[in-house]
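The following note sets out numbered points on the structure shown below. It begins with the terms and then turns to the chain, the ligand shell and selected residues.

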Amino acid sequence: MAERIKHLVEIAKEARIPKKRAGYIEIAEFQKSDLTKGYFCKACVYFLDVQGGKCAIVKSQGEDCNGRFSKVIAPFGYCSLWAPNKSMLKK
Ligand code: SF4
């Protein structure tokens, strides 16, 4: 059973969308911004705050739209698949 789950996790990882195709970018100037406001990965429902940052649907590894390579989805990143994490919205 554990092997099956491991296999399914690997399939799910491979099925993720490459950064470039998702329109993913990072702008270093936003690193110290309030990431709960605006269109940042940190405020996206698909962002997973583990091991430096992962996304449930975009691959962590690879080249982004700015030609930059990294192994994480940064909290200050952004892509065209962004969807709001309603638990982070402030009134
Ligand atoms: S904005 Fe895009 S890359 Fe960032 S967490 Fe959301 S879906 Fe993933």
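1. Helices (H or I, at least four residues) and strands (E, at least two) are DSSP runs, numbered from the N terminus. On that basis, Arg21 is placed in helix H2, residues 19-22. Residues are numbered from 1 along each chain as its sequence is written. The model is predicted: local features need pLDDT of at least 70, side-chain atom pairs count only at pLDDT 80 or more, and totals for chains, interfaces and linings use all residues.

2. Overall architecture. The chain has two helices and six strands, and its elements follow the order α-α-β-β-β-β-β-β from the N terminus. Along the principal axes, the C-alpha atoms occupy a box of roughly 45 × 35 × 20 Å.

3. Burial and contacts. A residue is buried if 20 or more other C-beta atoms lie within 10 Å of its own, exposed if 12 or fewer, and partly exposed in between, with C-beta atoms placed from the backbone. By this criterion 23% of the 91 residues of the chain are buried. Two residues are in contact if their C-beta atoms, placed from the backbone, lie within 7 Å. Among contacts between residues at least 6 apart in sequence, 69% join residues at least 24 apart.

4. Ligand shell. A residue is near a molecule or strand if its C-beta atom, placed from the backbone, lies within 6 Å of it. The ligand is surrounded by 15 residues, of which the closest are Cys41, Cys44, Cys55, Cys79 and Trp82. Ala, Val, Leu, Ile, Met, Phe, Trp, Tyr, Cys and Pro count as nonpolar, Asp, Glu, Lys and Arg as charged, and the others, Gly among them, as polar. The shell accordingly holds 14 nonpolar residues, one polar and no charged residues.

5. Nonpolar core. The term denotes a set of buried Ala, Val, Leu, Ile, Met, Phe, Trp, Tyr and Cys residues joined through C-beta atoms within 7 Å. The largest such core has 14 residues, and Cys41, Val58, Ile73 and Cys79 have the most contacts inside it. Beyond four places in sequence, Val58 touches Arg16, Ile17, Lys19, Ala22, Tyr24, Ile73, Cys79 and Leu81. In soluble globular proteins, nonpolar side chains tend to be buried together.

6. Phe47. This residue belongs to strand E2. Phe47 counts as buried because it has 24 C-beta neighbours inside 10 Å. Setting aside residues within four places in sequence, Phe47 is in contact with Cys41, Lys42, Cys55 and Ile73.

7. The loop between E2 and E3. Gly53 lies in this loop, which separates strand E2 (47-48) from strand E3 (54-55). Gly53 is partly exposed, since 19 other C-beta atoms lie within 10 Å. Its contacts, not counting residues up to four places away in sequence, are Cys41, Val72, Ile73, Ala74 and Pro75. Gln51 is in the loop between E2 and E3 as well, and is exposed because 9 other C-beta atoms lie within 10 Å. Its phi is near 45 degrees, a positive value in a residue other than glycine.

8. Arg21, partly exposed with 14 other C-beta atoms within 10 Å, is 58 residues from Cys79 in sequence and 9.3 Å from Cys79 in space, C-alpha to C-alpha. Ile27 is in the loop between strand E1 (25-26) and E2; the C-alpha atoms of Ile27 and Gly77, 50 residues apart along the chain, are separated by 6.9 Å.
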